[in-house]
Amino acid sequence: MSGGIYITGWGAVSPAGWGAGALYEAVKAGTPLPYSTTKRTEDAPEYRTRKVPAPSPVPDWMKHNRMRRTTAAARHAVGAAIEALGPERLASAQQGAWKGGVVFCTTNGCVQFSRRFFAEALSNPALASPILFPETVYNAPASHIAALAGSPELNCTLVGDSSQFLRGMDLAAQWLEDGEVESVLVVAAEELDWLTDEALLFFDRDGITAEGAAAVVLEKAKGIELLGVTGAWTYGTTMSLANAAAGMRKEVAELLTQSEVDVLLCDGLGAAPRADTAEQAAWRGWQGKQLHLRPVLGEAYGCIAGWQTVAACESIARGESSQVAISAVGLTEQAVGAVLGGIA
């Protein structure tokens, strides 16, 4: 990144409610939100979830023809995206005056419709509902967002672990630097389903899954400065998870322009024990304040780094922080960090 990239809007949908403000207030309070306990069958494991509350009143965009048969992930994604765009930019987009691209990030995608469709196909292929199929693909939410915003510009879906949102912001910055678009909407979304809720138990027996979405708008206009995104510290056979997290922390330190005593660390702690051990070791000795999201909201897979970014923006916009470091150590793939500066 060469600099001069700013976040000019952000939005969130979470178990705390619809809106970035609700998310930030819940995280600041630090009290874990209520959860539900469910057991799919008598022989299945018991799992815990935090669901997004129903919006009140129901927004008009939910009555749009495209949104009537969408999955929860798509509705969450659109809700966060509309908040991030704001009414003026959304109106401009719908009049065809917004030259903006869309980057959608997810881990599980539209798992509800995917699971239902393939269950029907397995039971009787002749009766598998064609209505479900369009929502089984990963880029369905990105398609809905572009349609509602009237954007024919670049549109990309990135599938990765819980750190992928930060790499999505890096891709958006590249598009802006290359002059491909004037603005980029980066969105992440997830939804609850027993398939992913039970899968979390393989990583963390005490885990609580959550759903929702996060969105930011990146532009070369004034806003909250994106000082940089680290490289993707991919771990596997040639690099340990601990070394990936340590490498990410070192690169984040190089992006800071203030003493870490004055910087808020928005960390990803509260994930599975294996990832937590590596992230805790990487940030041992950190002297600034820390903000923890997962213990309050739960495990939202590809959405969590987006929530961290939105919380960082709220903290800076409210004048409570002048610089924020974001740490995302993914459950299965990579460690990525980012640093946001003050408002310019």
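The largest cavity has a volume of about 50 Å³, in a model that is predicted. Here a cavity is a set of points, on a 1 Å grid over the protein atoms alone, where a 1.4 Å probe fits but cannot get out, and lining residues have an atom within 4 Å of a point; the volume is the space filled by probe spheres set on the points, which are joined across faces, edges and corners. The structure holds 1 cavity of 30 Å³ or more. Its lining is made up of Val 78, Ala 81, Ile 82, Leu 85, Leu 90, His 144, Ile 145, Leu 148, Ala 149 and Leu 185. Helix H2 (72–94) and helix H4 (140–149) are the elements that give two or more residues to this lining, and H2 gives the most, with 5 residues. By class, the lining has 9 nonpolar, 1 polar and no charged residues, where Ala, Val, Leu, Ile, Met, Phe, Trp, Tyr, Cys and Pro count as nonpolar, Asp, Glu, Lys and Arg as charged, and the others, Gly among them, as polar.

Local features need pLDDT of at least 70 and side-chain atom pairs count only at pLDDT 80 or more, while totals for chains, interfaces and linings use all residues. Residues are numbered from 1 along each chain as its sequence is written, and side-chain values use heavy atoms, with hydrogens and water left out. Helices (H or I, at least four residues) and strands (E, at least two) are DSSP runs, numbered from the N terminus.

The axes of H2 and H4 come within 9 Å and cross at roughly 20°; axes are lines fitted to C-alpha atoms, for helices over the stretch in contact, and angles run from 0 to 180 degrees between N-to-C directions. That makes H2 roughly parallel to H4, as angles under 35 degrees count as roughly parallel, over 145 as roughly antiparallel, 65 to 115 as roughly perpendicular and the rest as oblique. On the H2 side the contact (heavy atoms within 4.5 Å) is made by Ala 74, Ala 77, Val 78, Ala 81, Leu 90, Ala 93 and Gln 94, and on the H4 side by Pro 141, His 144, Ile 145, Leu 148 and Ala 149. These residues divide into 10 nonpolar, 2 polar and no charged.

Turning to another helix pair, H7 (residues 241–255) and H8 (residues 273–282) pack at an angle of about 40°, with their axes 8 Å apart. H7 is therefore oblique to H8. In this pair, Leu 241, Ala 242, Ala 245, Ala 246 and Arg 249 of H7 meet Arg 274, Ala 275, Ala 278, Glu 279 and Ala 282 of H8, a contact with 7 nonpolar, no polar and 3 charged residues.

For H1 and H10, the axes come within 9 Å and cross at roughly 90°, so the two helices are roughly perpendicular to each other. Ala 20, Gly 21, Leu 23 and Tyr 24 of H1 make the contact with Trp 307, Val 310, Ala 311, Glu 314 and Ser 315 of H10.

Ser 56 and Pro 57 are joined by a cis peptide bond, with omega about 0°, and Pro 57 is found in the loop between strand S4 (46–50) and H2. Tyr 301, a residue other than glycine, has a positive phi near 50° and lies in the loop between helix H9 (294–297) and helix H10 (304–317).

Methods
On a 1 Å grid over the protein atoms alone, a cavity is a set of points where a 1.4 Å probe fits but cannot get out, and a pocket is an open set with protein on both sides within 12 Å along at least five of seven lines; lining residues have an atom within 4 Å of a point.
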